[in-house]
Amino acid sequence: PAYSVAPGLSGVEGARQAGLAPEVASALAAQGFAAVAGSADTLYGAYEAITGPRFVSVDALTYTLDRLCAHVLGDVEERFLAAELNGLVRALFDTSMRMYEGCEGTVKDAALANLAYLAVAARLLGADVDVPSELAGAVEEELSLIAGMAGTSPSPLFAYAQDYGRYAPPGRYRDGGTLEGYFQAMTWLGCTGFYPRPGNGPADVTAGRGMARQVLLLVGALH
């Protein structure tokens with residue numbers, strides 16, 4: 001049933017013990033809620049800092065679920081998925097190397113570009129792979145831009161600009177080790193596009209055909 005709150009919160013259990021500032025108490029009485037700035041780093045910390053009665057709302061439950069999901073995901077990524085991705089990238093790299101050594105012309109060029117593309121992911125994951133000298137410098141430039149995480153810049157390996165700021169690891173990925181490299185490798189593999197027609201100019205058409213060949217070879221290597 002509907003209810004009303006007295007201006008002084010006289011009918012609210014525990015209001016005196018909560019030690020609310022007058023303006024907060026007035027807002028609480030008028031609106032049914034009040035928000036104040038806090039200094040705790042976590043929701044748990046905010047609850048623990050309360051010395052009086054605590055009203056535990058649904059935010060504590062959703063926060064707990066969010067933290068639990070993040071912990072489980074981080075554990076799975078660190079213990080299993082990073083190694084799985086490393087193995088996949090290495091297998092694709094080795095297969096692409098055999099393609100590179102066994103083909104000619106524009107197909108060989110596409111296979112070479114794939115080696116550079118996969119080498120970036122492998123290096124981010126901490127694997128040491130040998131890149132053909134033709135693109136070794138471009139791979140190092142790409143890795144330097146990823147490490148710099150400094151906004152939009154032309155990609156040394158692709159015919160378009162990339163936002164390198166997205167390689168900055170958030171939260172738990174900032175461990176300086178396995179998870180950081182895993183995050184950056186997943187970002188590289190997930191956000192780098194292969195466009196059949198990146199533009200309308202002759203150079204764009206040529207670049208698009210090259211990327212289309214890369215995709216076909218990558219799918220072939222995957223299978």
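Predicted model: local features only at pLDDT ≥ 70, side-chain atom pairs only at ≥ 80, totals over all residues.

Tutor: Residues are numbered from 1 along each chain as its sequence is written, and side-chain values use heavy atoms, leaving out hydrogens and water.

Student: What radius of gyration does the protein have?

Tutor: The radius is taken over C-alpha atoms, and the globule rule is 2.2 Å times the number of residues to the power 0.38. The C-alpha trace spans about 85 × 40 × 35 Å along its principal axes. A compact globule of 223 residues would have a value near 17 Å, whereas the protein has 27 Å.

Student: Are α4 and α5 roughly parallel or roughly antiparallel to each other?

Tutor: The axes, lines fitted to C-alpha atoms over the stretch in contact, with angles from 0 to 180 degrees between N-to-C directions, cross at roughly 160 degrees and come within 9 Å. Angles under 35 degrees count as roughly parallel, over 145 as roughly antiparallel, 65 to 115 as roughly perpendicular and the rest as oblique. The two helices are therefore roughly antiparallel.

Student: Is M99 buried, partly exposed or exposed?

Tutor: M99 lies in helix α4 and touches A111, L217, G220 and A221, not counting residues up to four places away in sequence; contact means heavy atoms within 4.5 Å. Buried means under 20% relative accessible area and exposed over 50%, with partly exposed in between (1.4 Å probe, protein chains only). At 22% relative accessibility, M99 therefore counts as partly exposed.

Conventions. Helix = DSSP H or I, 4+ residues; strand = E, 2+ residues; numbered from the N terminus.
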